[in-house]
Amino acid sequence: MLGLLVRAQISLPPVDYSGVEVNTEIPNVIVARDTSAPDPWLQDPANGALAMAGISAVAAAIVFVRTRNDEDSSLPILIAALTANAVFLVSIGLLWPSFLGSSIPLEMFEDLSSEDLRLFVLPAFIKSLLAGVVIGAASYVMVKPHYGVTGLRADK
Amino acid sequence: MTQENETARLLIQSKSMAAGVLLALFFGPLGLFYSTLVGGVIMLVVTGVIAVFTLGVGLLVVPLICVIWAVVAVNSHNENLMRGA
C-alpha cells in the first residue's frame, strides 16, 4: 500500500510556473496620523479611573513594603485610604460603561438629566463608595498588626 | 515596677518631608493622612464641598493646600520629637 502511495506521488506531473509573474515592486504606503485629534483612550473616563486606581494601589503597596514595622499609627490609615481609593476607582471604571456607555466624552455629563443622575449615576457612585469603604476598612484591619503605635514601646 | 517597664523607652519615628509632600501632591487629602490625620479628614470634607460648589474647577487648588498643610504638619511633628514631647 505504502509503495503504491509513494509511486503515485512520484508519478505526479511537475507544476508549470512558467506563466506566473511575481510582482516584486513594493508599494509606497504612507501612514498618516492625525495628531490634532485627541486619543480616544484618553477620552474614555473609565480608562482614566482605572489608571488612577492602579497608581493608588501601587502607592499603597509601596508604602506598606517600605514602612512595615514602623512605629507610626498614621501609616495603616494612609494605606487603608489609598486602598479604598483604588477600589472605588476600579468600581467606577467597571460600572461606567453600564450606566453611561463606553468611550463617552466628558461633555456628555452636561446632557445628563436629573432623572439619569438619580437612577443610574448616583446609585453606581454610592455602590462604588461603599465598596471602597468596606475594602479599605478590611485592609486597615489586616495591615494594623504590622505597625506599632507612636509612643512608648517596651524594649526587651 | 517590673524590669520590662524600667527598660521601656520612647521610640518615636520622625516623618519624612519628601514623602509627606509627594503623597499630598499626588493623592491630595488621602496623601495628607501620612502627615496629619485630622488634616486629612478636614481636607477630605473640604474637597467634597469645593468639588460640588465649583463643579470640579476648584479641585485644582486642593493639592496645593494639601502640600502646604503637609509641610507644616511634618515640621511640627518633627519639632515636637526634637523637644522630646
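Axes here are lines fitted to C-alpha atoms, for helices over the stretch in contact, and angles between N-to-C directions run from 0 to 180 degrees. The model shown in these views is predicted.

**View 1. Packing of helices H2(B) and H5(B) in chain B.** Two packed helices are described by the angle between their axes and the distance between the axes. For helix H2 (residues 17–27) and helix H5 (residues 62–83) of chain B, the angle is about 160 degrees and the axes are 8 Å apart. Angles over 145 degrees count as roughly antiparallel, and H2(B) and H5(B) are therefore roughly antiparallel to each other. Their crossing is right-handed. On the H2(B) side, the contact is made by Met17(B), Gly20(B), Val21(B), Ala24(B) and Leu25(B). H5(B) contributes Pro63(B), Cys66(B), Val67(B), Ala70(B), Val71(B), Val74(B) and Asn75(B). Of the residues in this contact, 10 are nonpolar, two are polar and none is charged.

View 2. Leaving aside residues up to four places away in sequence, Ser35(B) touches Lys15(B), Gly20(B), Ala70(B), Ala73(B) and Val74(B). Among these, Gly20(B), Ala70(B) and Val74(B) also take part in the contact of H2(B) with H5(B).

**View 3. Ala46(A) in helix H3 of chain A.** The helix that holds Ala46(A) spans residues 45–67. Ala46(A) has a relative accessible area of 5% and is buried. Between Ala46(A) and Ser91(A) the C-alpha to C-alpha distance is 9.6 Å, while in sequence they are 45 residues apart.

Key:
Residues numbered from 1 in each chain as written. Chains lettered and ligands numbered in written order. Predicted model: local features only at pLDDT ≥ 70, side-chain atom pairs only at ≥ 80, totals over all residues. Heavy atoms only, no water. Helix = DSSP H or I, 4+ residues; strand = E, 2+ residues; numbered from the N terminus. Parallel < 35°, antiparallel > 145°, perpendicular 65-115°, else oblique. Left-handed = near helix turned anticlockwise from the far one by under 90°. Contact = heavy atoms within 4.5 Å. Nonpolar A, V, L, I, M, F, W, Y, C, P; charged D, E, K, R; others polar. Buried < 20%, exposed > 50% of the residue type's maximum accessible area, 1.4 Å probe, protein only.
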